[in-house]
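Subject: Structure handover

Hello,

Here is the structure I said I would pass on. Please have it open while you read the notes under it.

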Amino acid sequence: MGRGGLRGEPLGQGPEQAPHPDQPEPPAGPVSTTGSDDGSALIERAIPSSGERLPVLGLGTFGAFDVSQRSSAFDALEDVIELFDRRGGRVVDSSPMYGEAESVVGALRAAGRQGGGADATGRMFVATKVWTQGAREGIAQMERSMQRLRAARIDLMQVHNLVDVDTHLDTLEAWKAEGRIRYIGITHYHGGAFAALEKLMRTRSIDFVQFNYHALDREAEQRLLPAAADTGTAVLVNRPLGQGELVRRMRGRDLPTWASKAGYRSWAQLALAFVIAHPAVTCVIPATGDPAHLADNLDAASTTAGRPAPDAAFARRVAQAIATA
Ligand SMILES: NC(=O)c1ccc[n+]([C@@H]2O[C@H](COP(=O)([O-])OP(=O)(O)OC[C@H]3O[C@@H](n4cnc5c(N)ncnc54)[C@H](OP(=O)(O)O)[C@@H]3O)[C@@H](O)[C@H]2O)c1
């Protein structure tokens, strides 16, 4: 079942999905890391279509970034973005669906707290979406997003929830050729859309696919993650904490000894390590407006104290511990 149910992000289409049996044991992806000025290092993965490397821990903006720029929540987001950049984070995922989020990301970029623009030399890798019907409406919306994000070029433009997807993919192919965007993506948030995502990966020119995957929501392991690997499509994982439900479920429970010994300090970290363990995952994008939670999430994706990247055997233990709690 999609643990987030129908709360949270406004809806696209389709039913929720079911978990499935234990995954096979693929080898963990090669470990390379992004250094930062505090000595920690984030695991990196390559975008298959270009070879460009990205840190495996990104930042979602749904909810957490939909705030007034004159609020204390915005002040906390300044700290979030500063920490994210300092620790080597790059991928920030937004959408015109997320209220003020694009404008808030743009304001934080303009304030210079994240070290650069949305281009090959800037540090933030800006991902947003188009979420409307019609080619003209899509173009107008994407141009508005660029203004709101204060970006002359968007790193990744995704078709949100597959809304009018063929129409927008035609536009995005033209925009990519013109250099207005660097990568093309498609997104959804539940298993009812996985067959459509896979078909598009196999028939259109798609650099990134974004979908839901977490320790209690494993349908993606059946076909979609292997299909992404097969087609050379980068994977962004949304709702990796089940919109926070995974963390709430585990509240008050001690971490297993094997997890503490491996250097993990929270259930959120274990939930993120579960996702990162899959070698087809390029970047996981938990949302947070809380600097302490971001630090927690960054640590989950770091090879601190010589800790190896999580592998399939580790992921199985995490899934079992969460599922049986
Ligand atoms: N169709 C689509 O394209 C689509 C659909 C869904 C999501 N997305 C993208 O994916 C992103 C992530 O999904 P999501 O935001 O729905 O859900 P999520 O990342 O699974 O969960 C976010 C929730 O987890 C909490 N959280 C984060 N880190 C935590 C930690 N270390 N400890 C405890 N709680 C923590 C956050 O609260 P705090 O703020 O208090 O930390 C927030 O309530 C979205 O923001 C969006 O960018 C895209």
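This is a predicted model: local features need pLDDT of at least 70, side-chain atom pairs count only at pLDDT 80 or more; totals for chains, interfaces and linings use all residues.

Residues are numbered from 1 along each chain as its sequence is written.

The protein has 11 helices and 11 strands (DSSP runs, H or I of at least four residues for helices and E of at least two for strands, numbered from the N terminus). Of its 325 residues, 50% count as buried; buried means 20 or more other C-beta atoms within 10 Å of the residue's own, exposed means 12 or fewer, partly exposed is in between, and C-beta atoms are placed from the backbone. Two residues are in contact if their C-beta atoms, placed from the backbone, lie within 7 Å. Among contacts with a separation of 6 or more, 78% join residues 24 or more positions apart.

Ile-276 belongs to α9, which covers residues 267–276. Ile-276 counts as buried because it has 26 C-beta neighbours inside 10 Å. Beyond its neighbours within four places in sequence, its contacts include Ile-43, Val-56 and Val-284.

Helix α11 (residues 312–323) has Phe-314, Ala-315, Val-318, Ala-319 and Ile-322 buried. These buried residues fall within an arc of 135° seen down the helix axis, so they line one face of α11; the arc is that of the directions from the helix axis to the C-beta atoms. They pack against α7 (245–250) and α9, whereas Ala-313 and Ala-323, on the other side, are exposed.

There are 33 residues around the ligand, and Gly-60, Phe-62, Thr-187, Asn-238 and Ala-287 come nearest; a residue is near if its C-beta atom, placed from the backbone, lies within 6 Å. Helix α10 (residues 291–300) gives this shell its largest share, three residues. The buried residues of α10 include Leu-294 and Asp-296, and their cover includes β2 (41–46), α1 (72–86) and α9.

Regards
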